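Thanks for coming. I will take a few minutes to walk through one model, with the sequence and coordinates on the screen.

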Amino acid sequence: WFAIDIWDFFARWNEQEQCSYRYIFRLDEDSFIHSPIRYDIFEFMESNQYVYGYRLCTYEMQVTKRMWTLYGKRNEDFRPHREVDLEMCAFYNNFFVADLQFFRSPPVQKFLRFIDLQGQIYRRRLGDLMIHTMSVYAFAE
């Protein structure tokens, strides 16, 4: 559920703590930053209008094709900005910076709820890497 519920969790946390964070930054315990970051990552994301920043690509998108096709069939108004390709780069997400506004937008939330209701997270190993990647490819301009 991490890929689905993290956005609502941080939105509620913003409300509860009376904060207005727009971006979240994930760095897993097995990831390291070996060089100094000499700029404000969040300012960089905002000034370039990026919704997702990641460190490297991986190629694990084969499991997504079924979900992508099913969502398109059940949502006739779905017009992704980019199609999912089995050979495409997926966003390795042990390190990422993401825009909460983007992931909380109605089209992305509708997509995430659909994935959750299909149970593919458990049955097909549809993980957060693939879910984040599909969301960005489909809905980011």
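Before the details, one cut-off: a residue is buried under 20% relative accessible area, exposed over 50%, and partly exposed in between. E46 has 47% relative accessibility, so it counts as partly exposed. Please also keep in mind that this is a predicted model.

I will stay with E46 for a moment. Its salt-bridge partner is R22, and the closest N and O atoms of the two are 3.6 Å apart. E46 sits in helix α2, residues 41-47, while R22 belongs to the loop between α1 and β1, so the bridge ties together parts that are 24 residues apart in sequence. R22 is itself partly exposed, because its relative accessible area is 27%.

Is D99 buried or exposed? Its relative accessibility is 2%, so D99 counts as buried. Setting aside residues up to four places away in sequence, D99 touches R22, Y23, Y50 and V51.

Back to salt bridges. How many does the structure hold? There are seven salt bridges in it. Another one of them joins D28 and R26, with the closest N and O atoms 2.7 Å apart. Here both partners, D28 and R26, are buried.

Next, the pair of helices α1 and α5. Helix α1 runs over residues 2-17 and helix α5 over residues 106-118; their axes come within 9 Å and cross at roughly 135°. As for handedness, α1 passes α5 in a left-handed crossing.

Which residues make the contact? On the α1 side they are A3, I4, D5, W7 and D8, and on the α5 side Q109, L112, R113, I115 and D116. By type, the residues of this contact divide into five nonpolar, one polar and four charged.

Two of the residues in that contact, D8 and R113, form a salt bridge, and their closest N and O atoms are 2.5 Å apart. D8 lies in helix α1 and R113 in helix α5, so this pair ties together parts that are 105 residues apart in sequence. D8 has a relative accessibility of 14% and therefore counts as buried. R113, at 28% relative accessibility, counts as partly exposed. The pair also belongs to a network of salt bridges, which links D5, D8, R104 and R113.

Last, F2, which also has its place in helix α1. With a relative accessible area of 36%, F2 is partly exposed. Leaving aside neighbours within four places in sequence, F2 is in contact with R26, F96, D128 and H132. For one of these, D128, there is a distance to quote: the C-alpha atoms of F2 and D128 are separated by 6.8 Å, although the two residues are 126 apart along the chain.

Technical notes
Residues are numbered from 1 along each chain as its sequence is written. This is a predicted model: local features need pLDDT of at least 70, side-chain atom pairs count only at pLDDT 80 or more; totals for chains, interfaces and linings use all residues. Side-chain values use heavy atoms; hydrogens and water are left out. Axes are lines fitted to C-alpha atoms, for helices over the stretch in contact, and angles run from 0 to 180 degrees between N-to-C directions. Helices (H or I, at least four residues) and strands (E, at least two) are DSSP runs, numbered from the N terminus. A crossing is left-handed if the near helix is turned anticlockwise from the far one by less than a right angle, and right-handed if clockwise. Contact means heavy atoms within 4.5 Å. Ala, Val, Leu, Ile, Met, Phe, Trp, Tyr, Cys and Pro count as nonpolar, Asp, Glu, Lys and Arg as charged, and the others, Gly among them, as polar. A salt bridge is a side-chain nitrogen of Lys or Arg within 4 Å of a carboxyl oxygen of Asp or Glu. Buried means under 20% relative accessible area, exposed over 50%, partly exposed in between (1.4 Å probe, protein chains only).
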